[in-house]
Amino acid sequence: LQNVRSQIRGTVRDAVIRHHKRSGAVLFSDTTLRDGEQMPGATLEPDEKLEIALALEAAGVHSLDAGFPASSEADVVAIQKMVGVVKGPVLTALCRTVNSDIDAAARALDGNPMRKRGVSLFCGTSPLHRDHKLQKSKTEVLKIIADSISYANNAFQIVAFSPEDASRTEVDFLCECYKEAIDAGATTIGFPDTVGILTPEKTADFIKAIHDRVPNIDKVLLAVHFHNDLGLAVANTLAAIQHGGNVVQCTVNGIGERAGNAALEEVVMALAMNADQYKRSFRIDTTKLAPLCQLVAELTGIAIPKMKPIGGSNVFATEAGIHQDGLLKNPDTYLPFRPEAVGADGIQLVLGRHSGGKAIAHRLRQLNLPHTEADAAHVVAQIKRQPKGTVIDDTRLIELLKECRDA
Ligand code: KIV
Ligand code: ZN
């Protein structure tokens, strides 16, 4: 009976992989709750993780890297809170290629349906990791990979394997690791650029080599994971998508180890805005993005930089007169997409020394403040005289209008 069950599971699993590959869809795997939370200062309580997981589910992510059960009891508690509550995405738990980690993941995910739970195994494969961290030969590393995947297969239908530091691993050995992993039953192979050293061109070369040199690649999904040490994580993720990556691992606001990970919201919007180039579908509801960015910033305490794409407070704000005039005539003149496309609050015309008469007159009208053209011109002249960096709020605007009338 056990055998029949595992055969059925294998057939279902293969059909799901074939379906995803044939659809050509980009599947978003979010790792905010694992790699993101690993960032110094970003620690989350289990209830906060659940809140973010539910927001990610509402946004439409395919899977959630929910935590690292063997590393902390808080991760186990958080994952257990998600089990049975977060129903859409597959929940995966991170494990070293060690049986006790896989057992810890199985306990944490107990109760989630088989097709909605998985393990994400990782093992260093680069010379640096083999020689210094693991002190293992290539042959030993291959055996560790095969043994741990076979072990994980007993308890999980979804088994991902990532060669840690893949981007600094010899390509031939990297492909050997993937072949071994797939033969042992992995359903997804990961490509992590662990220390964020790649460029889009080198990423493309790696992804092409994996497709060319791993003979059984058709049987699995390829998941990519880029760190942002050179500020290229999003660009590299897009290059991997262009060359056939199936799953992209990202974090909200790009939080994560060191310089962080590829930002989910940026990858999504780059795909949405360039559908003609990528021709790949995805399931994320873009109108959920800005609120998701705010929620993650609020709960992790990691503030969003003002200029950060999608979530930054400046991305729909302008003080420049020419831009304000254009935006008032048609918002598309100076925006790549409207705020409502990402669920943001709206365009903000900041009144300051760079502003022109159009924006100031517009605000006076919005506030129902009767004024002549001469009044508006006078207010503009006053604003231009303010010290640098002064932002004119409504109270100050009313004062300036009053001053010009009294003059
Ligand atoms: O960056 C990395 O290599 C990781 C692994 C655990 C997949 O996060
Ligand atoms: Zn990582």
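**Figure 1. The shell around ligand 1 is made up of 3 nonpolar, 3 polar and 3 charged residues.** In this predicted model, local features need pLDDT of at least 70 and side-chain atom pairs count only at pLDDT 80 or more, whereas totals for chains, interfaces and linings use all residues; side-chain values use heavy atoms, without hydrogens and water. Residues are numbered from 1 along each chain as its sequence is written, chains are lettered from A, and ligands are numbered from 1 in the order in which they are written. For the shell classes, Ala, Val, Leu, Ile, Met, Phe, Trp, Tyr, Cys and Pro count as nonpolar, Asp, Glu, Lys and Arg as charged, and the others, Gly among them, as polar. Arg34, Asp35, Leu94, Phe122, Glu164, Pro192, Thr194, His225 and His227 are the residues around ligand 1, taken as those with a heavy atom within 4 Å of the ligand.

**Figure 2. Side chains of Arg34, His225 and His227 make polar contacts with ligand 1.** A polar contact is a pair of N or O atoms within 3.5 Å; within protein, one must be able to donate a hydrogen and the other to accept it, and residues adjacent in sequence count only if both atoms are side-chain atoms. A polar side-chain atom of Arg34 is 2.9 Å from an oxygen atom of ligand 1. For His227 the distance from a polar side-chain atom to a ligand 1 oxygen is 3.0 Å, and for a side-chain N or O atom of His225 it is 3.1 Å. Of the 260 Å² of accessible area that ligand 1 has on its own, the protein covers 92% (Shrake-Rupley method, 1.4 Å probe; for residues, only the protein chains shown count as cover).

**Figure 3. Asp35, His225 and His227 coordinate the zinc ion (ligand 2).** The donor atoms are OD of Asp35 and NE2 of both histidines, at 2.0 to 2.1 Å. Donors are N, O and S atoms within 2.8 Å of the metal (3.2 Å for Na, K and Ca); water is not among the atoms, so sites may look incomplete. The spacing of the donor residues in sequence is D-x189-H-x1-H. Asp35, in helix α2 (residues 32-36), and His227, in the loop between β7 (221-226) and α10 (233-242), are 192 residues apart, and the pair links distant parts of the chain. Helices (H or I, at least four residues) and strands (E, at least two) are DSSP runs numbered from the N terminus. Asp35 and His227 are both buried (buried: under 20% relative accessible area; exposed: over 50%; partly exposed: in between; 1.4 Å probe, protein chains only).

**Figure 4. Asp375 lies in helix α16 (residues 373-384).** Asp375 is buried, at 14% relative accessible area. Its side chain reaches the backbone nitrogen of Thr372 at 2.9 Å. Not counting residues up to four places away in sequence, Asp375 touches Leu401, Cys404 and Arg405, where contact means heavy atoms within 4.5 Å.

**Figure 5. His354 sits in the loop between β10 (348-349) and α15 (357-366).** His354 counts as exposed, with a relative accessibility of 57%. Apart from neighbours within four places in sequence, His354 is in contact with Glu319, Ala320, Gly321 and Lys384.

**Figure 6. Arg258 and Asn368 have positive phi.** Most residues other than glycine have a negative phi. The phi of Arg258 is about 50°; this residue lies in the loop between β8 (247-250) and α11 (264-273) and is partly exposed, at 43% relative accessible area. Asn368, with phi near 60°, is placed in the loop between α15 and α16 and is exposed, at 67%.
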